[in-house]
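Please look over the model shown here before reading on. My comments follow as numbered points.

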Amino acid sequence: MPVPFDPSETLAEYAHPEALVTTEWLAANLGTPGLVVLESDEDVLLYEVGHIPTAVKIDWFTELNDDTLRDYLDGEKFAALLSSKGIKREDTVVIYGDKSNWWASYALWVFKLFGHEDVRLLNGGRDKWIAEGRELTREVTPVSETQYPVVERKDEEIRAFRDDVLKHFGNPLIDVRSPQEYTGERTHMPDYPEEGALRGGHIPSAANVPWAKAANEDKTFKNLADLKDLYLGQAGLTPGDNVIAYCRIGERSSHTWFVLKYLLGFENVRNYDGSWTEWGSSVAVPIVKGEAPGAAPAPKK
Amino acid sequence: MQDLIDDFQDLPVKERLTLLLEFSDNLPELPARYADHPDLLERVEECQSPVYLFVEIDEDKNAHLFFSAPAEAPTTRGFASVLHEALDGLPAQTVLDADNQFPDLLGLTAAVSPLRINGMRAMLARIKRQIREKLA
C-alpha cells in the first residue's frame, strides 16, 4: 500500500504530482508505516551533520555505483543495498538532498532503473527543510534489514548509451551543463576539474539548458509555466518528443530528466549517463564547439 | 601526522567518517583579520565546495594555517581540520617535507570516494606552494 499522495495545490499543476511531496506533507507524515525517507547528498558527511528525523543515508558515489565497472549496481547488489537500508519493494520512498535535489534526483533515477514503483522527491530538498526551521537530528536512524527482491535492472526506457545517442540524431538532445562547458571553453564543470574530458564542446544539435534553471531560489522546482517557457519555448521541445538529456557524468541531467518526465510529462526521456566524460573522450564521434547547437548528423543505422 | 593516520586506521571504516565529522565540527574559526578580508585567502579550486586557505610564516619560520569552508560542506571542513591538526605550527620546512600521500594514508578513500579525497590532496599541495612562495 503506497502512502497517500501529497494533495498540495502547489504540486497539482505538474504532469505527475505524485512524484513530489512538500515539506509540510513530509513533516506531517514522518513515521507513517511504509514510508522510507532517504537523504542523498553530494557531500558525504552532510547527513551526519543533521538530517530529517527517520531519514536513512544513501551515498551516490560509494553505494549506487559499481566499485569496478563504470556502471550502476546490478540487481543483486541493489537488492542487498536496499535490504540493508530497510526498504521493501512496496514502500513509498521519499528522497531529498542538498543542492536543489541534484543528487536526490540521481538516486531517484537509479531507483527507477530497477523499477521501484513509488519514489518521490521532497520539493526543495534539504535546504528548504532547514530554511523553514524544521527539525533535524544527528541520531542515525536504526534500520531493520528487509528482503528486497532481486530485480533485473532495465536500462532501455530511461537510460541512453553512447550508441543510442548516435542513433538518436534528428531527435532533440538537452545539454544541461554550464554555457562554458557547452561551448567548449571548459572541459569540466567549474570547480570539478578532475572530471574532465579530452575534447570540449557539445553533442551536435543539443540545446543548452543548464539544469539549475529548473530550480527556484528556495530549491523547489519552478512552476509549470516557467518550465514550459524554458523547455518548450527556449529549448524548442514539442510535447511527445523523444528526448535525451546529458551532462558530465549523468547526475545533473537526472535533475532535468525528472523535470521533463514527471513535471512536464514527456514519456520518452532518457538520461545519457556516459555524458561528456565519455563523449568528449570518445574517438571519432561528432562534436560542435561554440554557442550554436549545430546540425544533427545522420543517425547511425 | 602518523598519530592521525593511526587514529583513523585503528577505526572500522564507518567510524572513520564519524571521526572526520568531529574534525569538521572543530575546524577553528578564521581570526578577524581574515574573516574581514576574504580576498587574502586562496580558493582551492579542486574542491567541490568553496574552501579557502591561507598560510602565515612567523619569525621562527613556523607555518600557521587558516581555513574557511561553509557548514554545508562538512567533508571539506573535515579535510581542512585534519590538515590543521597535522601541520599547524610546525616548522615550514617540516610541512614542505610532509608526505603528499598523507590524504590517502588515512584510510578514508573507500568511505568518501577517491574523487572526494582529491580535494584534500589539492589543499595540501596549495599549502606547500604558499609556503614555498613565502620562503622564497
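1. Some ground rules come first. Axes are lines fitted to C-alpha atoms, for helices over the stretch in contact, and angles run from 0 to 180 degrees between N-to-C directions. Helices (H or I, at least four residues) and strands (E, at least two) are DSSP runs, numbered from the N terminus. This is a predicted model, in which local features need pLDDT of at least 70 and side-chain atom pairs count only at pLDDT 80 or more, while totals for chains, interfaces and linings use all residues. Residues are numbered from 1 along each chain as its sequence is written, and side-chain values use heavy atoms, with hydrogens and water left out.

2. Take chain B. Helix 4 (residues 74-87) of chain B and helix 8 (residues 114-135) of chain B have axes that come within 10 Å and cross at roughly 40°. That makes helix 4 of chain B oblique to helix 8 of chain B (under 35 degrees is roughly parallel, over 145 roughly antiparallel, 65 to 115 roughly perpendicular, the rest oblique). The crossing of these two helices is right-handed (the near helix is turned clockwise from the far one by less than a right angle; anticlockwise is left-handed).

3. Which residues of helix 4 of chain B meet helix 8 of chain B? They are Thr76(B), Phe79(B), Ala80(B), Val82(B), Leu83(B) and Leu87(B). Their partners in helix 8 of chain B are Arg116(B), Ile117(B), Met120(B), Met123(B), Leu124(B) and Ile127(B). Contact means heavy atoms within 4.5 Å. The residues of this contact divide into ten nonpolar, one polar and one charged.

4. Now chain A. The axes of helix 10 (residues 224-234) and helix 11 (residues 252-263) of chain A come within 12 Å and cross at roughly 115°. This crossing is left-handed. Leu224(A), Leu227(A) and Tyr231(A) in helix 10 meet Thr256(A), Val259(A), Leu260(A) and Leu263(A) in helix 11. By class, the contact has six nonpolar, one polar and no charged residues.

5. The rings of Tyr72(A) and Tyr106(A) have centres 6.0 Å apart and planes at 70°, so the pair is edge-to-face. Tyr72(A) and Tyr106(A) are 34 residues apart. Both are buried (under 20% relative accessible area; exposed is over 50%, partly exposed in between; 1.4 Å probe, protein chains only). Ring pairs link both into a cluster whose members include Trp60(A), Phe61(A) and Trp211(A).

6. Lys154(A) counts as exposed, at 52% relative accessibility. Its C-alpha is 7.5 Å from that of Gly115(A), 39 residues apart in sequence.

How values were computed. Chains are lettered from A and ligands numbered from 1 in the order in which they are written. Ala, Val, Leu, Ile, Met, Phe, Trp, Tyr, Cys and Pro count as nonpolar, Asp, Glu, Lys and Arg as charged, and the others, Gly among them, as polar. Rings of Phe, Tyr and Trp (its six-membered ring) pair if their centres lie within 6.5 Å; planes under 30 degrees apart count as stacked, over 60 as edge-to-face and the rest as tilted.
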